[in-house]
Amino acid sequence: MFTPEVIEQLQYYVYRLIDPRTGQTFYVGKGKGNRVYAHINDALKSFDGQSYESNDEDEISEKIKQIREIKAAGLEVIHVIQRYGMTEKEAFEVEAALIDCYPGLTNVQGGYSSDRGVNSAEVLQRVLSCEEFEDQPDLKYCIIKINDHVLNERGSVYETVRKHWKVNLTRVQKIPYVLACHNGIVAEVYEAEKWYRSEEMPERCEFIGKVANDDIRQLFINKRLPKKYCKKGMASPVLYHD
């Protein structure tokens with residue numbers, strides 16, 4: 001644990017957790033005080049058989065599992081402070097950039113997802129040259145950001161965007177359209193015929209639907225996500241206009 005004197009000097013910092021068995025970084029985070037040690041303390045509670053309340057986040061199960069495996073091997077997680085003495089805003093920027101540099105992390109969210117994260121110069125030229133779509137006051141839709149990894153795995157925009165999402169089922173059932181956003185651009189627009197709980201992942205939801213009518217589709221297709229949906233802190237892959 002850091003002493004109060006050290007905490008005062010550290011201010012906000014960005015840290016990495018490293019697996020000593022492989023030397024690989026498996027988690028990147030930001031915080032202040034003794035935040036860097038909080039993950040280890042939580043993992044040791046469950047490791048020692050004490051009660052541990054899961055908050056239903058994927059990163060908890062994967063991160064905690066890895067920490068417990070390290071402990072079971074008789075080793076200790078390596079804690080690295082990557083940068084310190086920052087404001088919260090500065091720490092957010094450093095954390096986001098660092099997450100993008102380490103593939104395979106147990107973090108759920110990427111640095112800036114697909115909005116401001118790693119991209120080739122060619123992709124950025126295309127994306128930033130596109131016009132933004134205009135919000136439609138009379139339409140209800142949700143925006144779902146999809147990434148290359150899942151897209152390559154599932155093979156189509158539809159199969160990628162339709163599952164598995166942590167959403168309020170009652171809320172999304174009232175929203176008729178889904179905008180599939182890839183690399184900051186609307187790749188396709190779907191009319192959701194039914195939202196329901198996934199059999200594979202009951203805590204998450206999915207939908208079945210079809211490509212929207214052309215008059216709706218042309219309002220969004222191949223247009224850039226407006227800046228209001230790309231603000232810092234909007235880490236969720238699902239955004240709403242309802």
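Predicted model: local features only at pLDDT ≥ 70, side-chain atom pairs only at ≥ 80, totals over all residues.
1. Residues are numbered from 1 along each chain as its sequence is written, and side-chain values use heavy atoms, with hydrogens and water left out. Helices (H or I, at least four residues) and strands (E, at least two) are DSSP runs, numbered from the N terminus.

2. Strand S4 has a partner on S5 and another on S8. With S5 the pairing is parallel and runs over six bridges; with strand S8 (residues 238–241) the pairing is antiparallel, over four bridges. Here two strands count as paired if DSSP finds at least two bridges between them. On the S8 side, Tyr141 stands opposite His241.

3. How many of the six residues of S4 are buried? Six of the six are, so S4 is largely enclosed by the rest of the structure. Buried means under 20% relative accessible area, exposed over 50%, and partly exposed in between, with a 1.4 Å probe and protein chains only. Tyr141, Ile143 and Lys145 point one way, while Cys142, Ile144 and Ile146 point the other way.

4. The largest nonpolar core has 17 residues, and Ile144, Val161, Val167, Val178, Trp195 and Phe207 touch the most other members. Strand S4 (141–146), H8, strand S5 (177–182), strand S6 (185–197) and S7 each give two or more residues to this core. Another core, of 15 residues, lies apart from it and includes Leu139, Cys181, Val189 and Leu239. A nonpolar core is a set of buried Ala, Val, Leu, Ile, Met, Phe, Trp, Tyr and Cys residues joined through side-chain atoms within 4.5 Å.

5. Trp195 deserves a look of its own. Leaving aside neighbours within four places in sequence, Trp195 is in contact (heavy atoms within 4.5 Å) with Cys142, Ile144, Trp165, Val167, Leu169, Val172, Gln173, Ile175, Val178, Cys205, Glu206 and Phe207.

6. Glu206 from that list also pairs by charge: the side chains of Glu206 and Arg162 meet in a salt bridge at 3.2 Å, N to O. The pair links distant parts of the chain, 44 residues apart, with Glu206 in strand S7 (residues 205–211) and Arg162 in the loop between helix H7 (157–161) and helix H8 (169–172). Are these two residues buried or exposed? Both Glu206 and Arg162 are buried. A salt bridge is a side-chain nitrogen of Lys or Arg within 4 Å of a carboxyl oxygen of Asp or Glu.

7. The whole structure holds 13 salt bridges. Among them, Lys71 and Glu76 pair with closest N and O atoms 3.4 Å apart; Lys71 is partly exposed at 30% relative accessible area, and Glu76 is exposed at 51%. Glu203 and Arg204 pair at 4.0 Å between the closest N and O atoms, with Glu203 partly exposed at 33% and Arg204 buried at 11%. Asp19, Arg21 and Glu69 are linked in a network of salt bridges.

8. The buried residues of H4 are Ala91, Glu95, Ala96, Leu98 and Ile99. What covers them includes strand S1 (12–19), strand S2 (24–31) and strand S3 (78–86).

9. Most residues other than glycine have a negative phi, and most peptide bonds are trans. The peptide bond from Lys163 to His164 is cis, with omega near -15°, and His164 sits in the loop between H7 and H8. Gln11, not a glycine, has a positive phi of about 55°; Gln11 lies in the loop between helix H1 (4–10) and S1 and is partly exposed at 41%. Asn183, also not a glycine, has a positive phi of about 55°; Asn183 is in the loop between S5 and S6 and is buried, with a relative accessible area of 9%.
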